[in-house]
Amino acid sequence: MSQSDRKQAEAALQESEERFAAFMNHLPGAAWIKDLSGRYVYANPEAQRIFSRSLPALLGKTDEEVFPPETARQFRENDHRALAEGGSLQTTEVLHQADGLDHYSMVNKFVLPGPGGQAAFIAGVAFDVTERKRAEEAVRKSEEELREREQRLRLALETAALGSYERDLLTNTVHLDENCRAILGVPAGRVDPEVARKSLLPEDVGWVLTVVARAYDPARREICAGEFRIRRPDGTIRWVAARGRVVFDDTVTPPRGVKFLGVLHDITERKLAEQMLQNQNRRLSLLSQATAKLLLAEHPEQILADVAEQLPECLLVDGILELGVSENGRELHVQGCWGIGRELQEHELSSLKFGQGLSGTVAQERKPLILAPVQVSAHPEAGLLKPLGVKAYACYPLSVGDRLLGTIAFASRRRERFEPRDLEFFETLAGHVALAQERGRLNQELRRHAETLQGTVEERTAKLQEMVGELEHFSYSITHDMRGPLRAMRGFAEFANLACEQDKPREAREYLQRIASSAERMDCLITDALHYSQSVRQELPLEEVDTGALLRGMLDTYPELQASRMHVQVQGKLPVVLGNQAGLTQCLSNLLGNALKFAKPGQVPQIRVWAEPARSAECGVRSESQDGSRAWVRIYVEDNGIGIAEELLPRVFDMFSRGNKKVEGTGIGLALVRKVTQRMGGRVGVESEEGVGSRFWLELRKSASEGARASGREGKDYETF
Amino acid sequence: MNADPRAATVLYVEDEESDALFMQMAFASAGLAPALRVVDDGRSALEYLSGNGVYTDRGQYPVPTVVLLDLNLQTLHGFEVLKWIRAQPQYAALPVVLFSSSTKPEDRIRARDLGATEFWEKPSSGLKFGAVVERLKEKWLGMAQAK
């Protein structure tokens with residue numbers, strides 16, 4: 001090589017090196033060269049910057065001498081890998097830099113050959129990729145977070161049994177997640193885009209679609225929400241709560257809905273719980289209503305009707321049977337029935353002995369009897385309910401304190417069993433029914449007492465008024481009537497006086513005679529008046545009186561009734577009546593006495609006595625005041641005397657009514673007969689024809705034993721008495 | 001009106017025997033015995049006034065100038081008799097004096113309502129029946145005119 005050539009070559013080399021140096025100085029990356037022993041032979045300014053070492057501090061030094069051991073090992077390993085893999089390696093290296101941060105560099109390492117063509121140096125070019133690396137890291141992190149969040153959401157959806165529903169409005173496809181499929185009961189596979197609408201119950205479609213439509217309105221963009229029922233393909237009904245919104249594309253005008261996103265929540269359990277709570281509340285309020293109604297009810301039938309009316313529909317009770325304890329305290333009789341109760345009543349007897357049947361068992365043991373389910377019950381009496389289709393049955397004793405009033409049974413055909421709260425309800429109701437019955441009974445008793453009392457007061461007042469009226473009339477009449485004989489006595493006394501003065505003893509004696517007879521009449525009046533007032537006042541306790549025996553006794557002992565003075569013929573047998581011995585004696589003796597008194601002049605009166613059942617028509621008139629169950633009988637006393645004038649007949653029983661002037665009498669006798677008969681609960685009457693005779697009658701009740709005898713011989717006439 | 005009271009007739013309806021006797025004695029003392037006719041019950045009074053039965057002979061039983069009527073009669077009460085009398089056209093103006101020991105005001109009112117001419121209380125003594133005859137004479141038996 002010539003000098004000039006050498007010079008030329010040296011100049012060219014220098015130029016090349018200067019070009020290399022300039023190139024390296026402007027490289028936005030770091031570049032360096034190490035010899036095979038790892039000592040730095042070159043580092044450009046960027047390398048010096050990132051290594052935070054000046055060139056002199058680097059040249060001839062190995063990585064181990066310059067960097068912390070970890071970094072040095074990283075560099076050395078990569079250098080070896082580059083050598084081993086045939087001279088080139090691209091990798092990322094981390095370098096802790098002066099700013100205190102780890103910097104990432106994308107490093108290319110390659111082998112430089114020496115003059116012999118063999119590997120002599122290892123060079124590296126590195127670009128700081130920290131920013132990119134960080135961005136990548138951020139993306140990775142956010143992706144991870146997103147995934148995590150998604151997972152959490154899914155977990156939340158699963159935990160909350162939330163189903164998600166997504167409808168792509170552009171492709172009109174619907175995506176349901178597992179939960180949503182489960183809620184709607186949709187099997188895996190393609191989903192009908194109308195699945196949501198088709199799940200709605202017809203009665204809900206209207207309002208749900210109205211609410212959803214508001215979410216589709218870009219002006220509103222509402223989140224729609226609602227609770228409604230859905231019907232699964234298998235027919236089961238579920239309650240769901242749903243929320244949803246539409247996602248809009250606002251890059252177009254007008255904004256276009258692209259997606260409907262919704263969540264569904266199965267709230268069936270909650271709804272059932274709510275419903276149960278409502279039912280419970282309803283039961284409580286019904287119970288209080290029933291109680292209020294029961295408090296007003298008077299009759300057992302009404303109480304039962306109220307109970308039936310008040311029973312909540314949710315109890316599904318199909319029948320109620322209520323039995324009351326009969327008066328003998330050993331039997332139950334049907335007091336009311338409703339629903340199946342009617343059929344039960346037809347099956348069971350109208351009355352049950354204690355211990356007989358289901359209700360009878362309850363009455364005897366005084367414990368509730370619950371058969372549920374009836375169909376498999378081993379109770380010996382359950383057989384009665386089975387043919388009626390009763391599945392659940394509960395019977396309770398109705399009692400107040402220690403006293404059993406009856407039983408009440410509830411039956412259902414639609415329920416397998418009654419729940420504890422149902423039984424609680426029934427038991428409470430039974431308690432109320434018992435109280436209501438007791439209250440009704442006490443009320444009735446009270447009312448009956450009040451009525452009896454009022455009736456008694458009215459009756460006594462009326463009697464008293466009648467008595468006062470009679471006594472007034474009596475006292476007026478008696479004083480008036482007594483003035484007659486008194487006036488006569490006074491007058492005749494005056495005339496007798498005059499006659500004595502005029503010395504007319506015969507006349508005077510006549511007047512004295514008249515005075516005496518007037519006094520006698522006065523005495524009769526007073527005696528009869530006393531009898532009468534006595535008969536009004538004296539007690540006439542009702543007893544059985546054998547009129548036949550009574551009359552025989554009178555005929556045997558009363559001198560004025562002897563056969564020489566009158567002839568009394570008793571026809572047939574006279575009845576045993578409800579009356580009073582003394583009262584009846586007075587009546588009969590007055591009637592017989594009258595017959596004697598009003599006999600035709602010079603004739604021995606013929607008297608006929610007999611009895612006849614009173615005609616029913618006449619009994620009917622008085623049935624309201626008398627015991628209709630007893631038969632009435634008339635005792636007739638007929639004479640062949642002078643009879644009574646027709647116009648006198650209506651007044652013949654009145655006080656001081658006298659039939660005939662020519663016959664002595666005070667006009668009290670028949671009034672007395674009427675008074676006494678009335679006081680024995682009977683009545684009197686007379687038929688008469690002037691000049692032919694009179695027929696008086698007393699109508700009295702037959703005694704109970706007599707009535708029985710009479711009814712046993714129905715159809716026979718009075719001759720059988 | 002009759003100038004001679006003896007030509008007049010008083011029909012006395014009375015069932016109390018002693019009162020009838022006192023009246024007869026009073027009429028006798030006044031010298032008017034022939035003017036008095038006595039019947040002892042309501043039914044007989046009706047028969048007398050209508051001239052039936054035993055009373056067909058008007059010579060013996062003349063139409064009365066005045067009727068003296070007791071109230072407490074059997075068969076037919078005094079008021080019934082009065083009612084009957086007022087129902088007969090020929091007796092519309094016949095003087096009827098109710099003659100009773102009744103002190104009840106309602107009896108007087110009833111008597112007036114039924115058309116009784118007067119209501120006299122029966123004297124408490126037989127001797128005082130003379131005063132009744134005097135009043136009858138004054139009012140209806142023509143003596144007032146004679147004075």
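Trainee: In which loop is the place of Arg221(A)?
Mentor: In this predicted model, local features need pLDDT of at least 70, side-chain atom pairs count only at pLDDT 80 or more, and totals for chains, interfaces and linings use all residues. Residues are numbered from 1 along each chain as its sequence is written, chains are lettered from A and ligands numbered from 1 in the order in which they are written, and side-chain values use heavy atoms, with hydrogens and water left out. Helices (H or I, at least four residues) and strands (E, at least two) are DSSP runs numbered from the N terminus, and on that basis Arg221(A) belongs to the loop between helix 9 and strand 8 of chain A.

Trainee: What is the phi of Arg221(A), which is not a glycine?
Mentor: Most residues other than glycine have a negative phi. Arg221(A) has a positive phi although it is not a glycine, and the value is about 50 degrees.

Trainee: Is Arg221(A) buried, partly exposed or exposed?
Mentor: Buried means under 20% relative accessible area and exposed over 50%, with partly exposed in between (1.4 Å probe, protein chains only). The relative accessible area of Arg221(A) is 33%, so the residue counts as partly exposed.

Trainee: Which loop holds Ser52(A), and what is its phi?
Mentor: Ser52(A) is in the loop between helix 2 (45-51) and helix 3 (55-58) of chain A. With 38% relative accessibility, Ser52(A) is partly exposed. Although Ser52(A) is not a glycine, its phi is positive, at about 55 degrees.

Trainee: Is the peptide bond from Thr253(A) to Pro254(A) cis or trans?
Mentor: Pro254(A) lies in the loop between strand 9 (237-249) and strand 10 (256-266) of chain A. The omega of the bond from Thr253(A) to Pro254(A) is near -5 degrees, and the bond is cis.

Trainee: Why is the pair of Trp207(A) and Phe228(A) called edge-to-face?
Mentor: Rings of Phe, Tyr and Trp (its six-membered ring) pair if their centres lie within 6.5 Å, and planes under 30 degrees apart count as stacked, over 60 as edge-to-face and the rest as tilted. By this rule the count over all chains comes to 26 aromatic pairs. For Trp207(A) and Phe228(A) the centres are 6.1 Å apart and the planes stand at 75 degrees, so the pair is edge-to-face.

Trainee: Which elements does the pair of Trp207(A) and Phe228(A) link?
Mentor: Trp207(A) is partly exposed at 36% relative accessibility, whereas Phe228(A) is buried at 10%. The two residues are 21 residues apart, and their pair links distant parts of the chain, namely helix 9 (residues 202-216) and strand 8 (residues 224-231) of chain A.

Trainee: Which residues form the cluster that includes Phe492(A) and Tyr12(B)?
Mentor: The cluster is built from ring pairs, and its residues come from chain A and chain B. They are Phe492(A), Phe495(A), Tyr511(A), Tyr12(B), Phe22(B), Phe99(B) and Phe129(B).

Trainee: Which residues of chain A does Leu127(B) contact?
Mentor: Leu127(B) is in the loop between strand 5 (118-121) and helix 5 (129-140) of chain B, and its relative accessible area of 42% makes it partly exposed. Contact means heavy atoms within 4.5 Å. Leaving aside neighbours within four places in sequence, Leu127(B) is in contact with Glu494(A), Phe495(A) and Leu498(A).

Trainee: How are helix 2 and helix 3 of chain B oriented to each other?
Mentor: Axes are lines fitted to C-alpha atoms, for helices over the stretch in contact, and angles run from 0 to 180 degrees between N-to-C directions. The axes of helix 2 (residues 42-50) and helix 3 (residues 78-87) of chain B come within 9 Å and cross at roughly 20 degrees. Angles under 35 degrees count as roughly parallel, over 145 as roughly antiparallel, 65 to 115 as roughly perpendicular and the rest as oblique. Helix 2 and helix 3 of chain B are therefore roughly parallel.

Trainee: Is Phe67(A) buried or exposed?
Mentor: Phe67(A) lies in the loop between helix 4 (63-66) and helix 5 (69-84) of chain A. Not counting residues up to four places away in sequence, Phe67(A) touches Tyr40(A), Phe51(A), Ala72(A), Phe75(A) and Leu95(A). Its relative accessible area is 6%, so Phe67(A) is buried.
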